[in-house]
Amino acid sequence: AKIVEYNSSLDVVVQFENGEIGKFQTVALKKGYFRNPSIPSVFDIGYPGGHVPLSDKNTYYRSWKSMLERCYTDFRNNCYVGCSVDPVWHNYQNFKKWYIASARGKSGKLEIDKDLIVPNNKVYGPDFCELIPREMNQSLKKGNPANKKEGCNTGVYLENGKYRAIISKLNIGTFDTNKEAFAEYCRHKTALIRKLAEEYKDVLSERAYNAASNYDFKNYEEEV
């Protein structure tokens with residue numbers, strides 16, 4: 001690697017053997033804390049693809065890194081087993097461009113959703129993902145898949161021989177069978193997402209709004 005441009009101690013341009021360009025601080029160069037931006041360095045799959053400003057660390061970069069962590073580490077949530085990231089988004093620069101374009105004109109806390117458009121989609125990428133309000137994203141989560149070990153669907157819990165349906169800590173009711181409890185859970189879940197679609201209509205993209213306003217949880221999970 002060689003220095004090809006020196007602008008300041010905070011902005012030193014380095015060219016690597018393969019022609020890639022990176023920007024680094026002098027202190028990082030002296031300590032050897034620099035690497036080719038096209039070589040995977042985040043969970044052995046993601047790479048910067050160019051300069052990453054410090055201002056990115058708590059915004060786009062954090063979202064990108066968290067997404068990779070969910071897919072390529074022993075993440076604590078079983079819901080992400082089998083998930084992957086489109087190679088286009090292995091490059092942080094591509095992800096950042098998508099995020100900025102998707103967030104334009106939107107306010108409030110936003111999160112990346114991967115399966116509102118395509119039910120049970122396992123791939124994070126620009127073809128499938130939407131940037132949606134945090135409340136909606138949290139409401140879309142399916143819950144604990146471990147319930148199936150007891151012969152229960154998502155949102156249904158076996159208690160003293162009865163089946164209790166719960167959504168977002170709201171007790172829907174207790175039923176004699178998983179089928180009855182799951183039917184009520186589906187009805188409430190579907191109504192909740194469609195309600196949020198109207199509340200956030202001005203924040204959602206046209207594609208996300210259409211998917212949310214026609215949402216039906218039965219498309220995401222079959223009865224056990």
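This is a predicted model: local features need pLDDT of at least 70, side-chain atom pairs count only at pLDDT 80 or more; totals for chains, interfaces and linings use all residues.

Colleague: Which residues have the most contacts inside the largest nonpolar core?

Modeller: The general idea comes first. In soluble globular proteins, nonpolar side chains tend to be buried together. Here, the largest nonpolar core has 50 residues, and those with the most contacts inside it are Trp 64, Trp 89, Phe 95, Trp 98, Leu 116, Tyr 124 and Met 136. Helix α5 (residues 178–199) supplies the largest share of this core, seven residues. Another core, of five residues, lies apart from it and includes Val 12, Val 14, Phe 16 and Phe 24.

Colleague: With which residues is Trp 64 in contact, leaving aside its neighbours within four places in sequence?

Modeller: With those neighbours left aside, the contacts of Trp 64 are Val 42, Gly 46, Tyr 47, Trp 89, His 90, Asn 91, Tyr 92 and Phe 95.

Colleague: How many residues line the second largest pocket, and which lie nearest its centre?

Modeller: The lining has 19 residues, with Lys 23, Phe 24, His 51, Val 52 and Lys 57 nearest the centre. Strand β3 (residues 21–24) gives the most to this lining, namely three residues. By class, 11 of the lining residues are nonpolar, five are polar and three are charged. The space in the pocket is about 570 Å³.

Colleague: Is Asp 115 buried or exposed?

Modeller: Burial is judged by relative accessible area, and a residue under 20% counts as buried. Asp 115 has a relative accessibility of 18%, so it counts as buried. Asp 115 lies in the loop between β5 (110–113) and β6 (123–124). Its side chain makes a polar contact of 3.4 Å with that of Lys 114. Beyond its neighbours within four places in sequence, Asp 115 is in contact with Asn 120, Asn 121 and Tyr 220.

Colleague: What is the phi of Asn 120, and where does this residue lie?

Modeller: Most residues other than glycine have a negative phi. Asn 120, although not a glycine, has a positive phi of about 65°. Asn 120 is in the loop between β5 and β6, and counts as partly exposed because its relative accessibility is 34%.

Colleague: What value does phi take in Asn 160?

Modeller: Phi of Asn 160 is also positive, near 55°. Asn 160 lies in the loop between β8 (156–159) and β9 (162–167). With a relative accessible area of 83%, Asn 160 is exposed.

Note on methods. Residues are numbered from 1 along each chain as its sequence is written. Side-chain values use heavy atoms; hydrogens and water are left out. Helices (H or I, at least four residues) and strands (E, at least two) are DSSP runs, numbered from the N terminus. Buried means under 20% relative accessible area, exposed over 50%, partly exposed in between (1.4 Å probe, protein chains only). A polar contact is a pair of N or O atoms within 3.5 Å; within protein, one must be able to donate a hydrogen and the other to accept it, and residues adjacent in sequence count only if both atoms are side-chain atoms. Contact means heavy atoms within 4.5 Å. A nonpolar core is a set of buried Ala, Val, Leu, Ile, Met, Phe, Trp, Tyr and Cys residues joined through side-chain atoms within 4.5 Å. On a 1 Å grid over the protein atoms alone, a cavity is a set of points where a 1.4 Å probe fits but cannot get out, and a pocket is an open set with protein on both sides within 12 Å along at least five of seven lines; lining residues have an atom within 4 Å of a point. Grid points are joined across faces, edges and corners, and a volume is the space filled by probe spheres set on the points. Ala, Val, Leu, Ile, Met, Phe, Trp, Tyr, Cys and Pro count as nonpolar, Asp, Glu, Lys and Arg as charged, and the others, Gly among them, as polar.
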